[in-house]
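Student: I would like to learn how to read a few features of a model. Please go through them one at a time.

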Amino acid sequence: MKPRQQRMLAVGLAVLGIAIAAAFTLRAFQDNMMFFVEISDVVAGKHPKQRNFRIGGLVVDGSVERADGSMDLRFKVTDTACELPVSYTGVLPDLFREGQGVVAHGRLGDDGVFVADKILAKHDENYMAPEVADSLAKHVEDKTMPLREGATRCNPQ
Amino acid sequence: MIPEIGQFAMILALSLAICQGVLPLLGAHRNDAAMMGIARTAATGQFLFVAVAFGCLTYAFVTDDFSVLYVANHSQLSLPTVYKVSAVWGAHEGSLLMWILILAAWTLAVARFSSGLPEAFAARVIGVLGLLSIGFLLFAILTSNPFDRLVPAAADGADLNPLLQDPGLAIHPPLLYIGYVGFSVAFAFAIAAMLSGDLDRRWAKWTRPWTTLAWLFLTLGIALGSWWAYYELGWGGWWFWDPVENASFMPWLIGTALIHSLAVTERRGLFKSWTLLLAITAFSLSLLGTFLVRSGIIVSVHAFATDPTRGFFILGFLAVVVLGALILYAWRAPSMDSEVGFGLLSRETFLLLNNVLLVVATALVLIGTLAPLVIELLDGSKISIGPPWFEVAFLVPTLPLVLLLGVGMHTAWRTQNAKSWLGVLRIPAIIALVIGFVVPLLFYGRSSLLLVVGCGAAFWIIATSVILPLRSIRREKGSTGITRSHLGMSIAHLGMGLFVLGVTVVSAFSIETDRAMQPGQTLEVGGYEFELRELRDVQGANYSAIEAVVEIRDDGEVVGELRPQKRQYLVQKNWMTEAGIDASWNKDLFVALGDQLGNGAWSVRIQYKPLIRFIWLGALVMALGGLISVSDRRYRLRASKAAEAAPAVAESA
């Protein structure tokens, strides 16, 4: 093969490969992209419908309940403003604990309970998933605003 | 006192790195032998001082010097001594120092074994490595000094992260870093060639063993990391497409492409500028990996150093290195390509395809890794890309890759006669097809298209890989037999075949069950009965644990006993899962304790993982193949040969 043809072959193959990869990537990306939604936004109904998404926050102290001997678990997650009930069946990560950060994958049931199919907890004491840290920081700022008597701090718009 | 000596040694190493980075390059430019002569001495001195610094930090760890902040944060009195040593590289500052030590060691090796290279070329290579050392030493001294003091000193340390207290993880970072940093040698060779404007086939011959060596360490490092994640993270997965794993995988993919394109450049003098570009890319991806890991920019279990100044420093360094190299490339590379042709049916074509597919695979991994970052920068929404996407996307380029691999190995350079080609490949093709259909059905009782393709591909690679070695064994006396580099290639490809087989069978036939169990209960998984006999408390050196005794029976006959633990480390109070694994060549039985559920019950995860050992065995065999081909005689440079070669260099320059 002549160098010119050789180069054309190389370029042609590369372009073809990249085109296929790009087309494929874009298509499959949309199915596998999982959005992170803040707890307050979930409570306000601003979450993707009919598909999985991620939530994250702190596990509310004293909210973890399970029937004796059962793997079914219920707990609440908060971004310090709103709370969301979560249900999960399965083995928990080692660092799952009340008052600590957690990320869950799953979807929202009709009863407003988030059904998690995967629970992730941070892997060491110093580290929290950045999106959870951001979400918490945002609402901790809100705390400085005066709260009226009796009003909850959770105001889903 | 000792930490100050370490600090001082780091600064001295920096001054020597500056000498090493500036003078030889200048000397090579001006053809000044005295300045070029500094290269080796400076490199040796720099290595010595970095080694002193590293030794001082290790000493501080072993002697529990909690007046050093880094030691106080990552060690503890009752930590076993082995882990006190491995804690040196257990976090950011120390692992950076280790990175620098390894870079200095590679430089020393180049300085030591480059006596056969033309003087100016060796000076340039060592000079470029010196420039890289300057960058990393500055990074360490300015942003991440491991010798910072803690005043007043702590009485006891905060302990090493329990996840890292494990033999696998003690040696995983060194191996990975040797691989990562090793690509800096290929990078330096590429820059040196472009600086001198002279790139011929000997260049590829010099670069090949270094690249293969770096690649084989990276292979071992990645495999060890995967093995560690499998047994230590406790959940039985072997690859998670975690950004940090991807960060080590991308240089591996490009490094693999580089090895293959170097073969073409050496044997045929083709693909020169492409090879240069791959050498630059492989090292740039190593740096990108460091940036991703060290800046904590991406959600990842490994991101232990979350500090923006560090991130910016590495990003700046990355930009300088990549842009500098690419500008030089744009300036020099176009004049380098030779006008030699090759047939459509030739080894060149298949190696070209290999490169295109590996680059596409790298691009896909890169897109998947960076997409969440880019999308967040663009519109603020936080997404993640799950493993399912990577699994499917990665298959698109790699499936043709493994199928073409078997063909390419048996195709001649320049042009291949189609008839004799079919003669050679017919038998392996039949073997692969037959076994691909039979193995899943026979051993695991079911099959599917993907299984036939996967097992077929695996046996296709295995069968085509053993042809060359088998032939050389059968050959009569007096024939030259197989060269080390051919044997190495065949063995590395055989490793690839074993790996593909392992991945196919594990992903198709693994069984995973999570169940609540009480002592005395039995559960059947994968044809084996698992009985939870008892739960008891045990004490370790620096942890206390709850241990389950699980008896495994096959048809009523006891075949093993596992003791998975749930450990609580005394200092950090973290809970850790220690899985119990019954490993054999053809399957792993895996039991991990989950949570206490009340009523004496625990959640238990039981897994059956057929052929999972083949995944790491395959990687090991690949690395062995690399080692064998590095040992090929033709890569050994002798000073006398260099004397012969010197006039030729002067001519072509």
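Student: Into which domains is chain B divided?

Tutor: This is a predicted model. Chain B is divided into domain 1, residues 1–165, and domain 2, residues 511–611. The centres of domain 1 and domain 2 of chain B, taken over C-alpha atoms, are separated by 43 Å.

Student: How many residues of domain 1 of chain B are in contact with domain 2 of chain B?

Tutor: Eight residues of domain 1 of chain B are in contact with seven residues of domain 2 of chain B. On the domain 1 side, the touching residues divide into five nonpolar, two polar and one charged.

Student: How many helices and strands does chain B have?

Tutor: The secondary structure of chain B comes to 18 helices and eleven strands. The radius of gyration of chain B is 27 Å, close to the 26 Å that the globule rule gives for 653 residues, so chain B is as compact as a globular protein of that length. The C-alpha trace of chain B spans about 85 × 75 × 60 Å along its principal axes.

Student: At what angle do helix 15 and helix 16 of chain B pack?

Tutor: Angles over 145 degrees count as roughly antiparallel. Helix 15 (residues 449–474) and helix 16 (residues 484–509) of chain B pack at about 160°, with their axes 8 Å apart. The two helices of chain B are therefore roughly antiparallel to each other. Their crossing is left-handed.

Student: Which residues make the contact?

Tutor: Helix 15 of chain B contributes residues including Leu451(B), Ala458(B), Ile462(B) and Pro469(B). From helix 16 of chain B come, among them, His486(B), Leu494(B), Gly497(B) and Ala508(B). The residues of this contact divide into 15 nonpolar, seven polar and no charged.

Notes. Residues numbered from 1 in each chain as written. Chains lettered and ligands numbered in written order. Predicted model: local features only at pLDDT ≥ 70, side-chain atom pairs only at ≥ 80, totals over all residues. Axes fitted to C-alpha atoms, helices over the stretch in contact; angles between N-to-C directions. Helix = DSSP H or I, 4+ residues; strand = E, 2+ residues; numbered from the N terminus. Parallel < 35°, antiparallel > 145°, perpendicular 65-115°, else oblique. Left-handed = near helix turned anticlockwise from the far one by under 90°. Contact = placed C-beta atoms within 7 Å. Nonpolar A, V, L, I, M, F, W, Y, C, P; charged D, E, K, R; others polar. Domains from an automatic or database assignment. Rg over C-alpha atoms; globule rule 2.2 N^0.38 Å.
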